[in-house]
Structure formats: structure tokens, C-alpha cells
Amino acid sequence: MRLKHIALNIKKKEELTNFYQNILGFHFVYQFDLNAAYASKIFRIEKEIEVYVYSNGNITLELFVFSEETDQGFTHICFEMEDCERIAAASKKAGYSTIRIEREGKDALLFVMDKAGNKFELKNW
């Protein structure tokens, strides 16, 4: 297992350049929109969200732009591994919350949560 990315909330797009690029030294990799249906199922926020991926060569960040006050947010850690289905099944069997979203032509999105509600995304290598 290895760390794939860390996802954080930011309130304003200006933080991308002002903080993550100019202060921390990360560079822009790509941008995508998380559709409202996925945002609702995974994070319980029913809005389409702009997500910016930044990297410094060693660490990858997914930065979710969401200006509203929230106690939910998009914060999560993504682990890449050999068999995420096994980890998801073990998590579910042990009574931990899991989220699985099937996607056409792609691997399912898999998330597991600890008892404190911390979210972990699971991806295969």
C-alpha cells in the first residue's frame, strides 16, 4: 500500500497559486469537476465541485474549491494498493462504513470510514 493523494478543502481559487504554488512549491497537474451526484454520495454535499490536482513530485494534493462553511467537507486520504476490494470487504464485515459507486467503463469508487468519520479512498495500482 502507498499514499496516492491527500484531499483538502480550500475556500478560494486564489489559494491555489498564493499558498500551494508560491508558498509550498506545488505545481498544477490537472483540473476536474466532481459531479453533484458523486459529491452527494461520498461527501453529502449536493453540488458540482471544482477539483484541482497539484503535486511537488513526491506528494499529490486534490484541492476541492468550496467556499461555503461546512463540517463535512471533502477531506480524505487515498491509498493505492494491490486489492482494494479485499480491504473494503474486511472493513464492511468489521462494521465500518463503506461507500461504493459503480462507474461505467471504470473501476468503482471505494471509500471506507473509521469510527470518527475519517474517509479513506481505496484504489488499485
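A residue is called buried when its relative accessible area is under 20%, exposed when it is over 50%, and partly exposed in between, with a 1.4 Å probe and protein chains only. Helices (H or I, at least four residues) and strands (E, at least two) are DSSP runs numbered from the N terminus. This is a predicted model, in which local features need pLDDT of at least 70 and side-chain atom pairs count only at pLDDT 80 or more, while totals for chains, interfaces and linings use all residues. Residues are numbered from 1 along each chain as its sequence is written, and side-chain values use heavy atoms, with hydrogens and water left out.

In helix H2, residues 36-43, the buried positions are Tyr 38, Ala 39, Ile 42 and Phe 43. Viewed down the axis of H2, these buried residues fall within an arc of 100° (taken from the directions from the helix axis to the C-beta atoms), so they line one face of the helix. An α-helix has 3.6 residues a turn, so residues three or four places apart point the same way. Among the elements covering the buried residues of H2 are strands S2 (27-34), S4 (60-65) and S7 (106-113), where contact means heavy atoms within 4.5 Å. Just after H2, Arg 44 takes a positive phi of about 60°.

A nonpolar core is a set of buried Ala, Val, Leu, Ile, Met, Phe, Trp, Tyr and Cys residues joined through side-chain atoms within 4.5 Å. The largest has 17 residues, and Ile 42, Phe 43 and Ile 49 are among those that touch the most other members. H2 gives the most to this core, with four residues.
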